Each structure stands twice: as structure tokens, then as C-alpha cells.
Amino acid sequence: MPRPKIRPENRQRAYRACASCKALKKRCDSHHPCSTCVRRRRASSCSYDNDEPAPGTSQRNGSPRTTNGILHLYTREEMMFIMSNVNDVSSKSYREDNAAINLVIAIGAQCRGLNQSDLQIAAKYFAMAQKAAFEGMLQDPSINMVRIFLLMAFYMLGACQRNAAFMYIGVASKAASALGLHVAPRHRCFDEEDQDRRSRTWKSLCILDLLVTSILGRLSSSPTSKLEFSTSTPSESSTESLAFEAVHDECAMIGDMVNNLTQNGDLDVTSAESFLQRLSEWNRGLPPQLRKFECNDNILLPQDRELAIGRIHVACVYYFAVMLATRPFLIRHSMSKLHKKGGMQNKQVNAEARLAEVCVDSAIFMGKMTHEALRADLLLCNMCMLKAWMFAAGLVLGFAIYVDDAVRRDIEEAFSEVRNVLRKLSDLSPQAEEYYEILSSFSDAINAHRDELSRKRRAANQPFVSQILTFESDQATNESADTQMMEFSSTNFNYDLSDMIDPLGPQIPDDLDMIFNFEAGSDASFGIPTDFSANVEPLGMFFGSI
């Protein structure tokens with residue numbers, strides 16, 4: 001006999017569960033936010049992925065927003081509206097809406113990259129969006145066109161097509177200028193929703209343009225003017241918009257520093273300390289939600305990963321900004337150590353040495369933070385900006401190890417952790433693989449340099465002590481292999497290092513700190529010929545360019 005139907009108001013069990021409770025197989029009361037998410041302090045991520053959203057809410061996508069903290073082009077409500085009307089051919093934005101959905105799918109498949117099928121899906125949907133973008137959008141600039149070209153640029157960065165990404169950003173910038181997105185008074189002519197959309201689009205353009213040009217060492221495409229007001233996004237969870245606004249503030253400060261370098265050609269100690277002081281003030285005002293990430297459950301939900309990605313982007317931009325400001329002083333200080341230029345110590349030399357240490361500390365913090373994220377399984381398989389930041393940090397750490405006779409365990413551990421992160425990202429990114437191989441060769445050269453220094457020290461002590469017993473065996477093949485390794489070590493790093501990299505207060509003992517921590521449940525020696533020398537002169541050239 002069939003069970004009698006029960007009215008919804010008489011039900012003792014909820015007729016639906018939120019995405020978090022469903023994944024964790026927890027009892028859900030179908031409220032928004034539900035009591036379970038409130039108890040787990042995940043109220044902002046409580047969402048329902050069924051066809052009919054919970055009362056007073058909108059359906060949320062179950063996949064993490066991989067651009068969190070860098071691009072904030074569509075709210076969830078906008079995307080859900082686009083998806084619900086994707087087949088409405090009578091809509092004026094039919095072509096743009098379909099292109100946006102195709103790009104969202106392409107970027108998601110590209111970043112997930114679990115197998116070859118994901119990459120094929122990414123390429124297929126990107127090709128459809130690219131075709132739509134060039135068939136008619138260039139003739140009539142619009143907000144949708146700007147957003148679509150920014151998404152295409154982000155995809156091309158993940159596909160290791162940096163020049164194409166740079167050109168797409170340029171197209172988006174020109175369209176934004178034609179629409180007057182950089183002119184604040186024009187925004188007041190629109191209603192609040194359109195103002196919010198225009199503001200988010202302009203800020204996304206500024207962020208992506210600044211980050212890409214600072215890494216590639218090229219001039220910015222977007223106008224230098226700033227918006228005189230900011231708008232809130234009440235439909236979004238607070239942590240998402242907080243990460244986006246934090247990165248925008250960081251990029252605004254980086255832009256000021258780049259303009260200073262463009263005008264003056266160099267960054268003196270006073271200017272660098274002033275810039276670091278601004279970063280320190282920003283750091284002290286960073287919301288507590290962006291400083292820590294806790295993941296106590298065995299199951300990592302997409303919403304958790306999305307929030308973590310936003311925090312990672314905030315922290316990496318901060319550390320990268322510090323390295324940009326201090327790397328010239330690291331080069332000057334290190335070159336003086338390589339050439340044994342001691343001399344008299346003065347305030348200028350001491351200030352440069354302090355700033356050089358700040359640069360190294362920033363690279364250490366970045367390396368350790370991202371490695372913790374890797375161990376907690378929070379990183380995606382393809383993160384287009386992270387690989388460049390990791391390479392910059394790895395070069396700073398490797399150079400610091402190379403020029404320092406003393407062994408610093410913290411620097412060496414961070415150098416190894418940076419290489420581990422790049423090795424993970426190299427599974428899908430040929431560019432990350434190249435970065436990993438370069439840093440591995442750098443590590444071999446460091447070991448070779450240290451062996452040479454040790455040999456010279458032993459030679460200096462030979463009048464007092466020498467080796468008196470050796471053992472001979474029939475391992476000629478091993479000796480031959482050692483000889484080949486010596487030849488490799490002496491030649492592999494003796495080339496122009498400028499081919500290896502794309503240019504990337506007062507006293508600050510406490511200002512540069514680890515601004516982001518994770519809490520998760522999971523936690524060869526080379527012989528060297530006597531004439532070995534490493535070509536380190538070009539280091540100043542490629543580290544100092546921007």
C-alpha cells in the first residue's frame with residue numbers, strides 16, 4: 001500500500017538539503033542559512049543547487065570561482081539569470097550571454113584539468129566563445145564585450161599564451177575607455193545596479209592589466225585614472241567581495257610604484273620605504289576573514305576552495321608587491337657581496353641591506369604559504385598567475401642562497417617548497433614546467449658553487465691537514481658519470497640569466513609578516529672543476545626591469 005502524501009507544513013524532515021549538508025551527509029533544516037552551516041561557521045557558503053532555490057535565495061554554482069580575488073565580472077545572480085535565458089534567441093544579449101557561459105565552462109575545465117578530456121572541453125568551449133567575440137562584438141563596444149575579452153585573456157594566461165592575453169586586455173581596455181568606465185561622473189548617470197556592474201568591470205580590468213604587465217615588464221593598457229567611489233555588492237557573500245577589493249587596493253599601490261619608476265627610472269631607499277609603509281598600513285587594515293582559512297572537515301567543498309583561492313591571491317599580490325619594491329636593493333647588496341666589496345658601512349648601505357632582507361623574507365612567506373595550500377589540497381591544477389609569482393619568489397630565494405656563504409635553513413626550505421609547487425602546476429602548464437626546470441638547474445648551480453667554496457677552504461688548510469686514506473674500486477663507470485655531471489654543472493648555469501625570467505617605514509621588522517595561514521587536517525653532490533664561475537652580472541638587469 002503506498003504511503004500517504006504529507007503536507008509540507010506537516011513534514012518532520014526537510015524536503016531538501018543545502019549543498020554543504022548534502023556533501024557531508026548531514027541533517028539539513030532547509031533554511032537559509034541552515035542551522036548546520038551556522039554551527040560550522042559556513043553561513044555565507046550555505047546554498048541550494050536544486051532546480052528551485054530556497055526561499056529568499058538564488059541558486060549557486062557548485063564549482064569554485066577560479067578567478068576569485070582577480071576578476072569579479074558577474075555576480076551569481078547575473079550568471080544564474082544568463083543561464084536561465086541562454087536559449088532565448090530574441091534577447092539582445094543572446095550572443096554575449098552564450099559567449100560568457102562558454103568561457104566560464106572553458107576556464108573551469110582548464111583549471112580543474114583532471115584529465116585530457118577536461119582540456120579538450122576547455123579548448124572546445126573557448127573556441128566557440130572566441131568565434132562569437134570576433135564575429136560582431138568589436139563593432140559595438142559594450143560592458144559585455146569588455147567582460148568577455150577579460151575572460152578570454154584569463155583563459156589565455158592559463159593556456160600559456162601570454163602575448164594573446166596581453167592583446168585581449170588591450171582590446172578590453174580600449175572598449176572600456178570608449179564606454180567611459182574610467183570616468184567616475186559618467187557612472188552617476190546609471191542606476192545603482194549598472195553602477196555596480198561598471199565599477200566591478202573597471203576594477204577587474206585594472207587588476208588583471210596591472211598584474212600581467214608587472215609580470216611581463218610591459219606598459220599598462222588601461223588609463224591611469226581612478227574611480228572616485230566604490231559600490232557594494234549585497235548579493236555576494238562578504239568574503240568574496242572583500243578579497244576582490246583587497247587585491248584592487250594592492251594593485252592601485254603597485255600602479256603608483258610603477259608610475260614612480262617610469263618617471264624617475266629607479267627606486268631610491270626613501271621611495272621604497274614609503275611604498276612599504278603604505279603596504280604595511282594596508283596590511284594592518286586587512287579584514288580578519290582574509291588572514292586565516294580553516295578547513296576542519298574531511299571533505300573539501302567547492303565553496304571552501306573558492307574562498308581559499310581568493311585569500312591566496314590576496315596574499316600573493318602582497319608578497320609580490322614587496323618583492324617588486326625591494327628586489328633592486330637585493331641585487332645591489334648581493335652583488336657587493338659577490339665581488340667582496342666591503343668598505344665602510346653607512347646608513348645608505350645598511351638601509352639597502354635591510355631592504356634586501358625584506359625581499360627575501362617576502363619570498364619565504366610566499367613559498368611557505370603556497371606550499372601549505374598545496375598540502376591542504378587547496379590549489380587547482382592550473383593557476384595562471386600563481387606560477388609566475390612562484391617563479392619570481394624562487395629566483396629571489398635562489399639568488400639569496402647563492403651569494404650567502406652561511407646556510408639558512410628557512411631560505412633553503414622555502415626554495416624547495418617553491419619548486420614543489422611549480423612541479424605540481426607543471427602537470428598542465430608547460431610554462432610552469434619550464435620554470436621548475438630553471439629553478440632546478442639553479443639549485444644544481446648553487447650546490448656546485450658551494451662545493452667549489454668548500455674545495456677552496458680545504459686547499460687553504462692543506463698545510464695543516466690533508467686526506468691520508470682513500471679506497472679504490474672498479475666503479476669506473478661511476479667516476480665517468482661524476483665527470484659528466486661536473487661538466488654539466490660547470491656549463492649549465494654559465495649563461496645569461498636574462499633568458500630565464502619574465503620581469504617580474506622606516507625600519508620594518510614587524511610589518512612584513514605572514515598575512516595568511518592555513519589550518520587543515522592534512523598536513524646530489526657535484527664535483528666542480530677549478531675554473532668554474534657563474535655568470536651573475538645579468539641578474540641586476542632582469543631583476544631590475546619592470
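Trainee: In this predicted model, how does the lining of the largest cavity divide by class into nonpolar, polar and charged residues?
Mentor: The cavity in question has a volume of about 120 Å³, and 12 residues line it, with Leu157, Arg162, Ile215, Cys384 and Ala388 lying nearest its centre. Sorted by class, that lining has 8 nonpolar, 1 polar and 3 charged residues.

Trainee: Which element gives the largest share of the lining of the largest cavity?
Mentor: Two or more lining residues come from each of α9 (192-216), α14 (384-403) and α16 (430-460), and at least three are drawn from each of domain 2 (69-225) and domain 3 (278-460). Within that arrangement the largest share, 4 residues, is supplied by α14.

Trainee: Between which domains does the second largest cavity lie?
Mentor: The second largest cavity has a volume of about 80 Å³, and its lining includes Thr66, Gln110, Phe154, His313 and Met385. The elements giving two or more residues to this lining are α4 (94-112), α6 (143-158) and α14. Because the lining takes residues from both domains, the second largest cavity lies between domain 2 (69-225) and domain 3 (278-460).

Trainee: How many charged residues are there in the lining of the second largest cavity?
Mentor: Residues such as Ile70, Leu380 and Met383 belong to this lining, and so do Gly158 and Asn382. Divided by class, the lining of the second largest cavity comprises 7 nonpolar residues and 5 polar ones, while the number of charged residues is none.

Trainee: How far apart are the end C-alpha atoms of residues 378-403?
Mentor: The unreviewed UniProt entry lists residues 308-330 and 378-403 under "transmembrane region". Over residues 308-330 the chain is 100% helix and 0% strand, with end C-alpha atoms 31 Å apart. The span 378-403 is 77% helix and 0% strand, and its end C-alpha atoms lie apart by 34 Å.

Trainee: Does Cys251 count as buried or exposed?
Mentor: Cys251 is found in helix α10 (residues 238-264), and although 42 residues separate Cys251 from Asp209 in sequence, the two are 9.5 Å apart in space, C-alpha to C-alpha. Buried requires under 20% relative accessible area. With a relative accessibility of 5%, Cys251 therefore counts as buried.

Trainee: How does Arg354 count, at 26% relative accessibility?
Mentor: Arg354 is found in helix α13 (residues 347-375), and Leu330, 24 residues away in sequence, is 9.0 Å away in space, C-alpha to C-alpha. The class between buried, under 20%, and exposed, over 50%, is partly exposed. Since its relative accessibility is 26%, Arg354 counts as partly exposed.

Trainee: What phi does Asp377 have?
Mentor: Cys160, in the loop between α6 and α7 (162-179), is not a glycine and yet has a positive phi of about 65°. Asp377 lies in the loop between α13 and α14 and counts as partly exposed at 48% relative accessibility. Although Asp377 is not a glycine either, its phi is positive, at about 60°.

Methods
Residues numbered from 1 in each chain as written. Predicted model: local features only at pLDDT ≥ 70, side-chain atom pairs only at ≥ 80, totals over all residues. Heavy atoms only, no water. 1 Å grid on protein atoms, 1.4 Å probe; cavity = no way out; pocket = protein on both sides within 12 Å on 5 of 7 lines; lining within 4 Å. Points joined across faces, edges and corners; volume = space filled by probe spheres on them. Nonpolar A, V, L, I, M, F, W, Y, C, P; charged D, E, K, R; others polar. Domains from an automatic or database assignment. UniProt positions renumbered as here; feature names shortened; annotations may be inferred. Buried < 20%, exposed > 50% of the residue type's maximum accessible area, 1.4 Å probe, protein only.
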